[in-house]
Amino acid sequence: MTPALLSLGTALPPHVLEQTDAQDLYQAQPGTDRLNARLLRTVFGASGVQRRHTVLSELVEDGARAGSPYITEDGRFLTPLTGVRNRTYVEQAPALFAEAARDALARCPGLDPATVTDVVTVSCTGFFAPGPDYQLVRDLGLDPAVRRAHIGFMGCHGGLIGLRQAAAIATADPDAVVLLVAVELCTLHLRPARDPDAIRGAALFADGAAAAVVSARAPEGVTPLLELDRFRTLVIPDGEDAIAWTIGDAGFEMILGAAVPQVLEDNIHNALAALLDGPEGPVDRDRITDWALHPGGRGILDKLEDTLGLPPEALRESRDVLATRGNMSSVTVLHVLRQVIDAAPADETRTVCALAFGPGLTVESALFTIPARAAAPAAELDPAAAVPIR
């Protein structure tokens, strides 16, 4: 049996950071000279981001800055140690993990949470043990014998890696019910932006969560949202320095090189060919009706749209997620998939190509089927809107 995605839930922190306010905040930092200010304006303006969510209220509300280890009351960025940032992750991440998971479970009517056999968690922006996988078992009242796995520090393609792992579990065990939950708190690692890599990160990265239920068997009356047909991984030669993610003394440090769009342009056709010409049998590219591309930035989407010869509407969902939620690392492609599913005509069978990119430079790709259904899934829950933390 083909493993399927039965539900897909989301969650966002309550604090909304407008991009214009973020740019003003960075430009007001001490030591910002004319050249740095011009670079900030250029990168923020070209990012494709309009607003983002953050767990740090002090980035949004001046009145929340008293005693903050991240920013002074007069708006100057501080440089908290990695341990301080990770403590904030430990305090803030569990609520997002639980909220997204509850949303995914609620969107799968007829599923008893006690029947969940596996929990897979994904995150690259913090660590603790016993970790979020353990806490989900405890907080959601899952079977204490549930099998758990955590995918850590993989980067922006972690969401597709998590789906691939969930699909593998469901393929190996047709009775398995897998709960996949991804959470990223990227804004914990923002820092004063001087070099281009730091500025690109400051303009793009955001916080968010997503969760999915994956199984090869669906409860009675539940039509799968996606059939998870195939996955592929391609490590791009000479792309190791294009995207990197390291742990520094003052937070996790992202390298998002300016060469990423060009590296993808040179290699994306090979990645797509590996997906379509797989051992499962060839698939004609013309069968692809929808694209779910990780929006690493507007420049990346522009380059892929041009290189793959896609019409502008093909990346509508990717651009919308980038504009309204920013780059949430591993979480982002799951939010894009959610919007692709919600926009699909109910009476059509659709083929979705998903692509995500991470350190290495590595391309994760997948081919999914949206089965025709009598009505849009869980319409009463307004699936077009992410679920905020209360």
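Start by colouring the two domains of the protein chain: domain 1 covers 4-215 and domain 2 covers 226-370, with bounds from an automatic or database domain assignment. The model is predicted, so local features need pLDDT of at least 70 and side-chain atom pairs count only at pLDDT 80 or more, while totals for chains, interfaces and linings use all residues. Residues are numbered from 1 along each chain as its sequence is written, and side-chain values use heavy atoms, leaving out hydrogens and water.

Select the residues in contact (heavy atoms within 4.5 Å): domain 1 gives 56 residues and domain 2 gives 50 residues.

About 4300 Å² is buried between domain 1 and domain 2, and carbon and sulfur atoms give 66% of this. Buried area is the accessible area (1.4 Å probe) that two parts lose on being put together, summed over both. Now select Cys 156, His 157 and Leu 160, which supply 16% of the area that domain 1 buries against domain 2, more than any other three residues.

Then show Glu 364 and Arg 164, whose side chains form a salt bridge at 2.9 Å, N to O. The rule (a side-chain nitrogen of Lys or Arg within 4 Å of a carboxyl oxygen of Asp or Glu) finds one salt bridge across the interface of domain 1 and domain 2.
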